[in-house]
Amino acid sequence: MFDPDELEEIRSGYEEWHDESVEPLVDRFGERKDRFTADTGGQEVDRLYTPADVADQDYKEDLGYPGESPYTRGVYSTGYRGRLWTMRQYAGFSTPEDTNERYHYLLDQGQTGLSMAFDLPTQMGYDSNDAMSAGEIGKAGVAIDSLADMEVVFDDIPLDEVSTSMTINAPASVLLAMYIAVGDQQGVDRTELRGTIQNDLLKEYIARNTYIYPPEPSMRIITDIFEFCAEETPRFNTISISGYHIREAGSTAAQELAFTLGNGIEYVESALDAGLNVDEFAPQLSFFFNSHNNIFEEVAKFRAARRMWHDIMEERFDVQNPKSKQLKFHTQTAGSMLTAQQIENNVVRVAYQALAAVLGGTQSLHTNGKDEALSLPSEESVQTALRTQQILAHESGAADTIDPLAGSYYVESLTDEVEQEAYAILEDVDERGGMLSAVEQQWVQRQIQDTAFDRQREIETGERIIVGVNKFEVDEEPKMDVQEVTERDQQRQIDRLESMRKKRDDEAVDTTLEALREAAQGEENLLPYIIDAVKKYATVGEICNVFRNEFGEYHPKNTI
């Protein structure tokens, strides 16, 4: 993009500036530290960037225009000038009634999409009255035992007017079936249902550990969802391939990017092995990234992600549909960056992280509440988090032009560096037989653990400053109201479940569960059978137990 003679002049001028201006000043006063790196200890940050750092870039091949390949600058040609990102606050706690009330509050406050959090028993496929659920009902999210609970959650919320993201993985097929069943009850055409299920089991084996079944049957359920939704719910994203939890576990930005796209590759290959047409299901794939504190590294990561997915889908899978090459993603601000100390500082952290996501072109965004290091967010902190997005959208100017940091010598160079590092990691993954094999070998987990250990050591030694934690501390107790889920709330959910079971037709439930069992033993798509079961009010635990009995439970190899 630059004249060779001008580049040579710039390089010469840089050396002269460095020798005559910088070195004498550094010799006299020094610099804050010997080595500057991006937030997670990845790419080294130079003192100054010039056109020489992006001399090899080709605008058309490497950047292009928004809405055109390779999508570095965004997947939509009008960016946020046509439509703002979806403001999707993560919500769900205690009972279905409490969650429904919070949803109505958020919609009244101007939220434009719903995001559903589930408690740990639901995530693990247990009913609330299961012994495994004791003490955890409704705490990490809402407890969902049956379609009756889903009906309450979405009471007076028309599903043809909202999009809903559900953070659910191993039982994702069951919760999707319940959502479809509620839509059927409301008379909503299935083609009008919009939203996302996380449905990303590989990252569960890597980072979160809320898995149920072994990898092979898990991949079968995932590809069954791909196939079913391509036909029945084409506007619903069938998976949210998640780097968020990989980053929360301690990875670098480049590791988050590489392992997330590596998981995406594995899902595509699994679907192809199942006989699916890539251009029929690939447009419904979506991604989920973390947004950390370093604005420039995060923007570079998001831009590199779009370019890499375009190239991967084009070169590895020879896709023909342009939408199959478009990486669309949701972003959540970094939960692991929130501090229990001086929680008001978290408002500032979240605002900067949200800015990075918007500058990077996210399609939807969740901003954390300031109190989430201590508890579920209060109504007040949720409102502040939502207002952060609204101020960004309407007052900051960040949404007025597309890809506003493009052309920055630093950001363009960093985008290239993050991409190169991510590709190098993917090469290591390929040498180990792909992501599934690398996860089963525990290699991926070790890479993240090593990075997390190094970061914690830097914090403890003071090399990495966390404001209010290891520097600028104050001696005071947090002053705030903490959102709590009481034993009474938990008992209410158990009572609801037992009441529902007394009213339902147990014979009809048993019939649908037996049909599901037979389908699991064969090769039919499981989704129609799951929908039949949930419509008869079979519970999450009952359906998941059918799969537990047929597929077994996953127990990782202890090779770390």
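**Exercise 1: Two loop residues**

Find the part of the chain that holds N209.
Step 1: N209 sits in the loop between α8 (201-208) and α9 (215-232); helices (H or I, at least four residues) and strands (E, at least two) are DSSP runs, numbered from the N terminus.
Step 2: Its phi is near 75°, a positive value in a residue other than glycine.
Step 3: N209 has a relative accessible area of 43% and is partly exposed; buried means under 20%, exposed over 50%, and partly exposed in between (1.4 Å probe, protein chains only).

Now do likewise for D318.
Step 1: D318 belongs to the loop between α13 (295-315) and β9 (329-333).
Step 2: For D318, phi is near 50°, a positive value in a residue other than glycine.
Step 3: D318 counts as exposed, at 54% relative accessibility.

A note on the model: it is predicted, so local features need pLDDT of at least 70 and side-chain atom pairs pLDDT 80 or more, while totals for chains, interfaces and linings use all residues. Residues are numbered from 1 along each chain as its sequence is written, and side-chain values use heavy atoms, without hydrogens and water.

**Exercise 2: A helix and its end**

How many residues of α11 are buried?
Step 1: Locate α11 at residues 253-273, a helix of 21 residues.
Step 2: Of these 21 residues, 18 are buried, so α11 is mostly covered.
Step 3: Just after α11, G275 takes a positive phi of about 95°.

**Exercise 3: A cis peptide bond**

Which residues does a cis peptide bond join?
Step 1: The bond links S69 and P70, with omega about 5°.
Step 2: P70 lies in the loop between α2 (59-63) and α3 (79-82).

Definitions and conventions
The expected span of a helix is 1.5 Å times one less than its number of residues.
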